[in-house]
Structures are given as C-alpha cells and as structure tokens.
Amino acid sequence: MTRLVYFAWVRERIGKGEEDIDLPADVTTGAALLGYLKTLGDGYAHALEHESVIRIAINQEHVEHDEPIAGAREIALFPPMTGG
Amino acid sequence: MADAAPAPVIVRVQRDDFDAAAETARLVAGRAAAGAIVSFTGLCRDEGGRLSALELEHYPGMAEAQIERICRTAVTRFSLLGIAAIHRVERIAPGENIVLVIAAAPHRHAAFDGASFVMDYLKTAAPFWKKEHFADGSEGGWVAAKDSDDTALEKWS
C-alpha cells in the first residue's frame, strides 16, 4: 500500500485529502501514477487534467515526474506553491 | 576567540500571530558580531476591499523541512549569523501577518540578501497554498502561482 496525499485544489477536486492505495505493478514513475489515477474517476481526471502543472513529492521531497516511485511510503500531489 | 556557536536557524509553522520585535531580539541575543538585521514581514492585503480572508493550507512536515533547508542554504551562502522564518497557516484576515523572515549578519548586504533569498525560495519551493475568501461571501478560489515568483529565483542562480 502506498499513501497518497493531496493538497489545495488537487485535494478539493479528488474529494479527499489522503488515501492508501495498491498501485498496479506497471505504475513505476510519478508520470505513470498521474496517468493511472486519472482512470479512477471524474474527480481525479479533473484534478490531474493538466499533468505538467502538478507537483509531486515522494516521502516529502520534491521530485520530477520521471522519478521512480518504487518504495515510496508517501506520495503527495499538489498545485504550484503559493506561500510567503 | 573561541569559535562562535552555530548560527541559529529558527523555523516555525503556526496558526498564531508572531511578534517580529521579540523574534528579532531572541535571534540576536548574545550575538555581538551581528552588525545588521533585516526583518521582512508579509501581510494579508485586502485587495481593494474585496478580500475578507486568506486561508493558508500547508503540507505538515514537508513545509517545515523545506523552509529549514532554504534557511540553512542561506546561512551557508551569505555567512549569516542567524535566520528565523515563521509562516502562519489557516485563516488570516486583511492586515494580519502571514510570514516573517529575519536575517542577521555582520554587514547589511548579507542580511538583505539572506532575507530576500529565503523569501524568494519560500514562495516557490515550500508547500503552502492560499485560498481567497471574498467580502461578499463568495469563495475566490486558489491563488495562482506567479511567473514573477519563478523569475525572482533567477537572480540567485
């Protein structure tokens, strides 16, 4: 099981802040994860429609979309950050 | 003279307000080498009276870790004597504080650069998001990231 966490409008569109999910074996990168999640329902498809703007963090570290996700305990998906 | 103690790095994410003067005093207490302090406070604008509040969301754990990483980079890069970064979360009304960055250094340029560097990276690399609530009761939606915040980073590369 992998813990997925969502923030801001990604969280709102998916309709939950976190979930534990069994990922298919062929979902091996951040990009593949986005593609897989988009098949899970309209909320996911809406949230992840523009894949290039989605930021990915593995175990609370920023990563690129082509980063392998093997062994990740926690994967976060969120929009560009607007703090400060 | 003995080696100075490591430069303090103070990072907090909190709901409550902060006291910039008290935080500054705490940061430089006992650090007589500090000849310059730059303190930046970011506030919630009212956007011409339209805005009733900002709602600040963050990624607990990662937010603190990212700010600390940025601060430690600034300490090394600008030879700071101390740095503090405090970011508020949850509901913030116009006129209230959002973020505080204090940089202490022997001379002014390092203190200015250190505070500016931390703010520039904090805006684009620390996981915080702002949602607007309008005075007419409507929800304004999530604040979009600005290209100008990304280009602000270029001067540090």
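Among contacts in chain B between residues at least 6 apart in sequence, those that join residues at least 24 apart make up 77%. For chain A, 50% of the contacts between residues at least 6 apart join residues at least 24 apart. Both values come from a predicted model.

**The two chains in outline**

Chain B contains 4 helices and 8 strands. Their order along the sequence is β-α-β-β-α-β-β-β-α-β-β-α. Chain A contains 3 helices and 5 strands, arranged along the sequence as β-α-β-α-α-β-β-β. The radius of gyration of chain A is 12 Å, close to the 12 Å that the globule rule gives for 84 residues, so chain A is as compact as a globular protein of that length. For chain B, a compact globule of 157 residues would have a radius of gyration near 15 Å, and the 16 Å of chain B agrees with this.

| Chain | Span of the C-alpha atoms along the principal axes | Buried residues |
|---|---|---|
| Chain A | roughly 35 × 30 × 20 Å | 32% of 84 residues |
| Chain B | about 60 × 35 × 30 Å | 34% of 157 residues |

**Sheet and loop in chain A**

In chain A, 5 strands form an open sheet with mixed pairing, in the order β2-β1-β5-β3-β4. At its edges stand β2 (18–21) and β4 (61–63) of chain A, each with a single partner strand, so one side of each is left without a neighbour in the sheet. From one strand to the next, the twist averages 30 degrees.

One of the pairings in chain A links strand β3 (residues 55–58) to β4(A) by 3 bridges, and the two run antiparallel. Within this pairing, Ala57(A) has His62(A) in β4(A) as its bridge partner.

The loop between β3 and β4 of chain A holds Asn59(A). Is Asn59(A) buried, exposed or partly exposed? A residue counts as buried if 20 or more other C-beta atoms lie within 10 Å of its own, and as exposed if 12 or fewer do. Asn59(A) has 14 other C-beta atoms within 10 Å, so Asn59(A) is partly exposed. Leaving aside residues up to four places away in sequence, Asn59(A) touches Ala72(A), Arg73(A) and Glu74(A). Ala72(A) lies 13 residues from Asn59(A) along the chain, and the C-alpha atoms of the two are separated by 6.4 Å.

**Sheet and hairpin in chain B**

Chain B has an open sheet of 4 strands in the order β5-β3-β7-β8, with antiparallel pairing. Its edge strands are β5 (90–92) and β8 of chain B, each of which pairs on one side only. Neighbouring strands of this sheet are turned against each other by 25 degrees on average, direction ignored.

At the β5 side, strand β3 (residues 51–58) of chain B pairs with β5(B) in the antiparallel sense over 3 bridges. Here Leu56(B) has Glu90(B) in β5(B) as its bridge partner.

At the β8 side, strand β7 (residues 128–134) of chain B is joined to strand β8 (residues 139–142) of chain B by 3 bridges, and these strands also run antiparallel. Glu132(B) stands opposite Gly141(B) in β8(B). The hairpin of β7(B) and β8(B) has 4 residues between the strands, and in this hairpin Gly137(B) takes a positive phi near 95 degrees.

**Helix α3 of chain B**

Helix α3 of chain B covers residues 108–125, which is 18 residues. From its first C-alpha to its last, α3(B) reaches 25 Å, close to the 26 Å expected at 1.5 Å a residue. Which residues of α3(B) are buried? Among them are Ala110(B), Ala111(B), Gly114(B), Ala115(B), Phe117(B) and Val118(B), and also Met119(B), Asp120(B), Tyr121(B), Leu122(B) and Lys123(B). The buried residues of α3(B) pack against β2 (36–43), α2 (62–78), β4 (82–88), β6 (97–105) and α4 (147–152) of chain B.

**Contact between the chains**

How many residues does each chain give to the contact? Chain A contributes 13 residues and chain B contributes 21 residues. On the side of chain A that touches chain B, the elements giving two or more residues are α1 (8–14) and β5 (74–78) of chain A. The residues on that side of chain A comprise 9 nonpolar, 4 polar and no charged.

How values were computed. Residues are numbered from 1 along each chain as its sequence is written. Chains are lettered from A and ligands numbered from 1 in the order in which they are written. This is a predicted model: local features need pLDDT of at least 70, side-chain atom pairs count only at pLDDT 80 or more; totals for chains, interfaces and linings use all residues. Two residues are in contact if their C-beta atoms, placed from the backbone, lie within 7 Å. Ala, Val, Leu, Ile, Met, Phe, Trp, Tyr, Cys and Pro count as nonpolar, Asp, Glu, Lys and Arg as charged, and the others, Gly among them, as polar. The radius of gyration is taken over C-alpha atoms; the globule rule is 2.2 Å times the number of residues to the power 0.38. The expected span of a helix is 1.5 Å times one less than its number of residues. Two strands pair if DSSP finds at least two bridges between them. Axes are lines fitted to C-alpha atoms, for helices over the stretch in contact, and angles run from 0 to 180 degrees between N-to-C directions.
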